[in-house]
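Visitor: I am new to reading protein models. Could you walk me through this one?
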Amino acid sequence: MAKELDRAGIPVAHVTAFTSIALSVGSNRIVFGGDFTSPSGNPELPIDREKAYRRKIIDKCLEVLSMDIDKPTLFTVDEEKEAK
């Protein structure tokens, strides 16, 4: 769905924990979020840190929506996940 919306000229930020699937289907702006059960947060964090983490994900989505992207590109807000 994200790929088709983008093709129609509507930029989409695809927040997912399954980045390999998003890359393989061709989503252009892929934001690596939380985990499988909560891709846009981390309920295991204390509430203040969890809210800050959710905000970082949303801020990253807004940032990538303004970028001209023509191929699948992965973005992340969690440095620990980048190392994996």
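Visitor: How many bridges join β1 to strand β2?

Guide: First, the ground rules. This is a predicted model, where local features need pLDDT of at least 70, side-chain atom pairs count only at pLDDT 80 or more, and totals for chains, interfaces and linings use all residues. Residues are numbered from 1 along each chain as its sequence is written, and side-chain values use heavy atoms, without hydrogens and water.

Guide: Now the general idea. Strands of a sheet pair through backbone hydrogen bonds, either parallel or antiparallel. Strands (E, at least two residues) and helices (H or I, at least four) are DSSP runs, numbered from the N terminus. Two strands pair if DSSP finds at least two bridges between them. Here, four bridges join β1 to β2 (residues 29–32), and the two run parallel. Alanine 13, for one, has arginine 29 in β2 as its bridge partner.

Visitor: In what order do the three strands form the open sheet?

Guide: The order is β1-β2-β3, with parallel pairing. β1 (13–16) and β3 (73–76) are the edge strands, each pairing on one side only.

Visitor: Which helix packs on the sheet?

Guide: Look for contact, meaning heavy atoms within 4.5 Å. Helix α3 (residues 47–65) touches β1, β2 and β3.

Visitor: Is aspartate 6 buried or exposed?

Guide: Buried means under 20% relative accessible area, exposed over 50%, partly exposed in between (1.4 Å probe, protein chains only). Aspartate 6 lies in helix α1 (residues 2–7). Its relative accessibility is 16%, so aspartate 6 counts as buried. Leaving aside neighbours within four places in sequence, aspartate 6 contacts Pro11, Val12, Asn28 and Arg29.

Notes: Axes fitted to C-alpha atoms, helices over the stretch in contact; angles between N-to-C directions.
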